[in-house]
Amino acid sequence: MNPFQKNESKETLFSPVSTEEVPPQPLSLPKKPPPKICGSNYPLSIAFIVVNEFCERFSYYGMKAVLTLYFLYFLHWNEDTSTSIYHAFSSLCYFTPILGAAIADSWLGKFKTIIYLSLVYVLGHVVKSLGALPILGGQMVHTVLSLVGLSLIALGTGGIKPCVAAFGGDQFEEKHAEERTRYFSVFYLSINAGSLISTFITPMLRGDVQCFGEDCYALAFGVPGLLMVIALVVFAMGSKIYRKPPPEGNIVSQVVKCIWFAISNRFNNRSGDIPKRQHWLDWAAEKYPKQLIMDVKALTRVLFLYIPLPMFWALLDQQGSRWTLQATRMNGNLGVFVLQPDQMQVLNPLLVLIFIPLFDLVIYRLVSKCGINFSSLRKMAVGMILASLAFAVAAAVELKINRMTPPQPGPQEIFLQVLNLADDEVKVTVLGDENNTLLEESLRSFQKMPHYAQLHLKTKSQDFHFYLKYHNLSVYTKHSVKEKNWYSLILREDGKNISSMMVKDEENKTANGMTTVRFINTLHKEVNISLTTDIFLSVGEDYGVSAYITVQSGEYAAVHCRTEDKDFLLNMGLLDFGATYLFVITNNTSQDPQAWKMKDTPANKLSIAWQLPQYALVTAGEVMFSVTGLEFSYSQAPSSMKSVLQAAWLLTVAVGNIIVLVVAQFSGLVQWAEFILFSCLLLVVCLIFSIMGYYYVPIKPEDLQKPADKQILHTQGNVINLETKKTKL
């Protein structure tokens, strides 16, 4: 409720009023008492609001869980661009709550704001899902639809964020304050429940279901969209029993105008003849009431402590971007089940539900019994340190992954392997532009080089000459290559002759941390292969080469294949997690065709469980920082400034995501070094915050409730003087 009453004298315009002093609003409130839940004091209307919040959070976090991999593997952006767009979207989601609060408080009211912006939210999901359909347009169409859909989702989720919780609180009468407190606990439980379930389910919809021969991102985005439709329908169903307070003015704009007037008034009165005032906000006294100025003074003290906070959010929100990308290069096979890379994010809401009671009921009490004054600001500083340690652990894991991962070709460099599919030995010599020998290898029939050879180019693209010696034949051929790519030179027998073809291994690095396979068909007939019930592909006749297909790891002992005149089974054996395989389908006169199996890149050896310590540390830091920070901030700000404080808190999250965006685009650091950079930056910010907190003197709650004309806080050491006196002009 807006604490400022309208249409009164200037002296009392901004005086706090209680709900009893406000005349009843018969047009906005039900004429009869609202129905209760099972005879309790809980309004039935909150059931609709809690279910709405559960579905909306399922929708948001489910869509966001697969977003980074969608950018990387569907839109084919690089890791830095994927990270930047992910955090740009997250930042926008925390800027738009200011717009939503302004619309609700000044124009439409909370109920209509939630309804209208939920429609925008649903439209965003529809556009986003359409952008994930491979058959709908090309790369540009997918990109445009994705960005438009994300913009609409950001407007929808951010716009309703400050309205839903407050609207639920509006359903309670003042005499049921205890029930309202318990409602907020259930409300936040629904948030974490929606996040927990969706973060586990949507990666399964993406990876376990195949659409058009690849991961089903359209389904992974469509199901959260359906949940948002359910959220809107459920919320609208309770329309007739809601208490709907009318809009009463935007306190955020009042605060901004007060601060701006004080600054401009002070600037316009720079003359030395004009008496100085005790506080810079006292220069707003000519236009704004004393109570508002006092409340803004208390608010600015808290906002000053908010300056270092964005760096913490910059680290916390990388769970869905950089840490998910790290998980794609790890082994998700935990024995009992296989964990998708984007499913690791489920640890955060799960650990939050565990850590909050653990810290409140056990750790904080033990610390208190030890005689340690563990104040709110100290808890926040410790939370920063834990998040910094989490990124140090992430850097160590990244270094361990790098030691197990094959090197990648750099500028003016390619990796080349030679595969001999002829019936006898072939000697291969690779010649440069000046006929200098770059590589020489003799390969027996159905043999390939033990590893890729690293070849250097003189320019970004270059022609290589190949000299092939087969029996008594000598064949010269030429192939063009481009830097930073992997290639396979396939030698094949053509009657009594020998020929070669160059194949670009575009996806040699496995996608999504999944097992990747491709086929070469040496038969004279096209082969149709059914890898699973959802994955089908066709390989052309006479050395046709298929595209890469991602499949689940596991045993593939009998894969059904079909030519135009017969069916047969291929034994592909065990496909290890994260490895890349090449299968050559060959003819066997006495039996059915068989598959010759080769492993191009090794499997991921480092278990994804190594990410558990960094998730535990960052979640513990989140519990100590975020929960404590909100509680501290609310206790230090006047009741009239709570909405402003909420907007400022959300803005720190938005700025934190912008920091990640800038670092990802312009740092140019390798990943482990970037993790170390963030860890060190947060430590420096933690030191600054600790110094600021050391000189901060908390205000007692009873002081915030005193009337403005009696509130006197005398100067003690470094305490800010908030004594107010009437200023003579």
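What follows is my log of strands, salt bridges, surface patches and a few loop residues.

**Ground rules.** I am working with a predicted model, where local features need pLDDT of at least 70, side-chain atom pairs count only at pLDDT 80 or more, and totals for chains, interfaces and linings use all residues. Residues are numbered from 1 along each chain as its sequence is written, and side-chain values use heavy atoms, with hydrogens and water left out.

**Entry 1: strand β4.** I began with β4, residues 426–431. I took strands as DSSP runs of E with at least two residues, and helices as runs of H or I with at least four, numbered from the N terminus. Is β4 enclosed or open? Five of its six residues are buried, so the rest of the structure largely encloses this strand. Buried here means under 20% relative accessible area, exposed means over 50%, and partly exposed is in between (1.4 Å probe, protein chains only).

Next I looked up the pairing partners, counting two strands as paired if DSSP finds at least two bridges between them. β4 runs antiparallel to β5 (residues 437–443), with six bridges. It also pairs with β8 (residues 461–470), again antiparallel and over six bridges.

Entry 2: Which side chain does Lys-427 meet in a salt bridge? I found Glu-440, at 3.2 Å from N to O. The pair links Lys-427 in strand β4 with Glu-440 in strand β5, 13 residues apart. My rule for a salt bridge is a side-chain nitrogen of Lys or Arg within 4 Å of a carboxyl oxygen of Asp or Glu. Lys-427 is partly exposed at 34% relative accessible area, and Glu-440 is partly exposed too, at 47%.

**Entry 3: the other salt bridges.** By this rule I get a count of 15 salt bridges. I followed up the one between Arg-322 and Asp-80, at 2.8 Å from N to O. Arg-322 sits in helix α11 (residues 322–327) and Asp-80 in helix α3 (residues 79–108), so the pair ties together parts 242 residues apart in sequence. Arg-322 is buried at 2% relative accessible area, whereas Asp-80 is partly exposed at 35%. Both belong to a network of salt bridges that also takes in Glu-674.

I also jotted down Arg-562 with Asp-567, at 2.6 Å from N to O. Arg-562 is partly exposed at 41% relative accessibility, and Asp-567 is partly exposed at 40%.

**Entry 4: surface patches.** For patches I took residues with over 30% relative accessible area and no salt bridge, joining like charges within 9 Å and nonpolar side chains (Val, Leu, Ile, Met, Phe, Trp, Tyr) within 5 Å. Which residues gather in the patch of negative charge? They are Asp-494, Glu-526, Glu-541, Asp-542 and Glu-564. Glu-564 lies in the loop between β18 (559–562) and β19 (567–570), and counts as exposed at 68% relative accessibility.

The nonpolar patch is made of Leu-123, Val-126, Leu-130, Ile-135, Leu-136, Val-141 and Phe-212, with about 620 Å² of accessible area together. Helix α4 (residues 110–130) gives the most to the nonpolar patch, with three residues. Phe-212 comes from the loop between β1 (210–211) and β2 (214–215).

**Entry 5: loop residues.** Most residues other than glycine have a negative phi, and I flagged two exceptions. Gln-412 has a positive phi near 50 degrees; I found it in the loop between α13 (376–404) and β3 (413–420), partly exposed at 35%. Phe-446 also has a positive phi near 50 degrees, in the loop between β5 and β6 (447–448), and is partly exposed at 29%.

My last stop was Phe-172, in the loop between α5 (139–170) and α6 (177–207). Buried or exposed? Phe-172 counts as buried, at 3% relative accessibility. Its C-alpha atom is 9.6 Å from that of Pro-34, 138 residues apart along the chain.

How values were computed:
Accessible areas come from the Shrake-Rupley method with a 1.4 Å probe; for residues, only the protein chains shown count as cover. Lys and Arg count as positive and Asp and Glu as negative; His and the chain ends are not counted. The place of a charge is taken as NZ of Lys, CZ of Arg, CG of Asp or CD of Glu.
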